[in-house]
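Please read the numbered points alongside the sequence and the coordinates.

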Amino acid sequence: MWQVQILDGERYAEAAVADHVRHIAIPAVRGRILDDRGRPLARNRAAMTVSVERIALDRQPDRGRATLRKLADLLGRHYTELAGKIRLCGPKTGQPCWAGSPYQPIPVAEDVPEKTATQILERPEDFPGVTAEPRPVRDHPRGDLAAHVLGYLAPAGDPVGKDGLEAVYENDLRGRPGSREVVVDSAGQVLRTLREQPPVPGATLVTSIDADVQKVVEKALERAVRGARGKGAPADSGAAVVMDARTGRVVALASYPGYDPEVWTGGIEPADYRRLTGGERGDPLLSRAVQGLWPPASTWKVVSTAAAAGSGYSLKGRYDCPGSYRIGDRSFRNFGGADLGVMDLRRALVVSCDTIFYRFAHEMWLKGTRDPMQHMARAFGFGEKTGVDLPEEAEGRVPDRAWKREYWNQTKDQTCEAAEKGYPETARTDPARAAYLKAVAAENCVRGYVWTAGDAANFSIGQGDVLVTPLQLARAYAALANGGTLFSPRVGKEVRDADGRLLRAIKPPVAGRVPVPARTLDYLRRALAEVPKSGTAAAAFDGFPFGKLTVAGKTGTAEAYGAEDTSWFASFAPAGDPRYVVVAVISRGGSGGEAAAPAVREIWSGMYGLEGNKPALPERRRR
């Protein structure tokens, strides 16, 4: 006793006091996300939030179970849901749980109706330890606009960005939490506050997204998917990108199907989460503009033309475009088997001749050159992430000899098994497809590691194993349009503090330059300017006011055996002095001229105020 009281008395006294001091974090108000003109895309609004004081529940005879059950009935929630939200997180505790201090109120329900909140406040004897007060929650004043760009917050006491810009710019948006030190008694009752440090509000993120252009793009995309379905195509999804070709800034980025980000407010219901992530509903949570992958089809021919020109094929040369081109024992056909005669490369792009590019690829393969088309594709930024400031970006695929062998090593056991057993389930509904798949499996089992002339031919027209995202294609066309500069795109433009003071400017980095002479780039731009006028997109652009805006572009129709074609259109305008790039893809929507090209036409008309539309671009509105 002498040692405890006298010798170590001061130390134990300090420890006793320290045991009764608790530190409570005070969350900061989250920063806003604005469009390019300062209009809010994500902000905060006051919503009635019901919170539970865990310490107060623990002091009740049944540790608050009865109170929590009455609260669950009033809120229309399950008791287990509320109990899970207030249990403390630990090494062996799974979600849901509370990661904050047990001495601060724990939110269990947000956006509670005023009537319900009033019942709680007026009957404290029925709900001891339960409070209801207005708190800031995330609000999206434009509804589901740009939902895939903005992302969402993990529902918690101190919300954290889990996707989109909310996740990438989390450190800027969340601000700096404050703190409060309180003295509690042995029962956990707060006696007094020792000190308090107020929180610092989160910064404002200004983006390059234009809300009006974004709205035009989303409407056009939805209309294109629904329109393709109306024509009998099983269109299920799509994506579109608008980029400033001169700066690398993203002006609009859309994915269909979309979702309402308000579904996350107060905690998402399990049924809603299954709906957002389920393939049967089209996986609405997937941002297809940066995560979706498709073969680029004939939009790829700008890469193949640049590679051919770099390998010695003359831009002034004349080349035959027969209905088919034979490689070994297989005939590679033009689209529809059309024999289009002799033409130059400009015309080959306008009418989208396949057989000329088959010949180029075959001759390069015969020479044993080290895949010049793959080299050019990588120089245009394909096969790697663009580096955009959005999460979970797909890197796409540029297949070559090394990839073919690696893939074969990974899949040969399954391939050889399929070659032996076939596809009995498919055979019951589609015998021809089952026979085709078995024949392909048999060939791949034996020689699947070989980069064949057929692989090279398919690659030259953007078919086969090559995969790209819409954003990758938009970036490549921006480089074509701007004279060769390959940007790493950015959605964020500026970070400003709560008072509007500039903290940081965000500039799209230059990722490189495409190794293509200026004369070749100019040749490609001039050729693509004819596609909407007299080429494969002429029907989609029939009657378009080219006198007011010259659009250049390229259609793409990605074919797959036994499946509907995927529709692409990649474009830029004005053709003579490009400013913007617009790319759209409609999965299973038909040919490039049938679904994607009309959607892109609608986007250009909406942006520039053509064909009876009000201009969405701010510089056009000022005229």
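Predicted model: local features only at pLDDT ≥ 70, side-chain atom pairs only at ≥ 80, totals over all residues.

1. Arg138 lies in strand β5, which spans residues 130-139. Its relative accessible area is 8%. Arg138 is therefore classed as buried, the cut-off being under 20%.

2. The side chain of Arg138 takes part in polar contacts with two partners, Asn44 and Glu166. The contact with Asn44 is 3.2 Å, and the one with Glu166 is 2.8 Å.

3. Helix α4 (residues 65-75) packs on helix α6 (residues 114-122) at an angle of about 155°, and their axes lie 10 Å apart. Because angles over 145 degrees count as roughly antiparallel, α4 is described as roughly antiparallel to α6. Their crossing is right-handed.

4. On the α4 side, this contact is made by Leu71, Leu74 and Leu75, and on the α6 side by Thr116, Gln119 and Ile120. By class, 4 of these residues are nonpolar and 2 are polar, with no charged residue.

5. Helix α10 (residues 211-230) and helix α24 (residues 596-608) also pack at an angle of about 155°, with axes 9 Å apart. The two helices are therefore roughly antiparallel, and α10 passes α24 in a right-handed crossing.

6. Residues of α10 in this contact include Val213, Lys219 and Arg223, while those of α24 include Ala599, Glu602 and Met607. The contact of α10 with α24 comprises 8 nonpolar, 1 polar and 3 charged residues.

Definitions and conventions:
Residues numbered from 1 in each chain as written. Heavy atoms only, no water. Helix = DSSP H or I, 4+ residues; strand = E, 2+ residues; numbered from the N terminus. Buried < 20%, exposed > 50% of the residue type's maximum accessible area, 1.4 Å probe, protein only. Polar contact = N/O pair within 3.5 Å; in protein donor to acceptor, adjacent residues only side chain to side chain. Axes fitted to C-alpha atoms, helices over the stretch in contact; angles between N-to-C directions. Parallel < 35°, antiparallel > 145°, perpendicular 65-115°, else oblique. Left-handed = near helix turned anticlockwise from the far one by under 90°. Contact = heavy atoms within 4.5 Å. Nonpolar A, V, L, I, M, F, W, Y, C, P; charged D, E, K, R; others polar.
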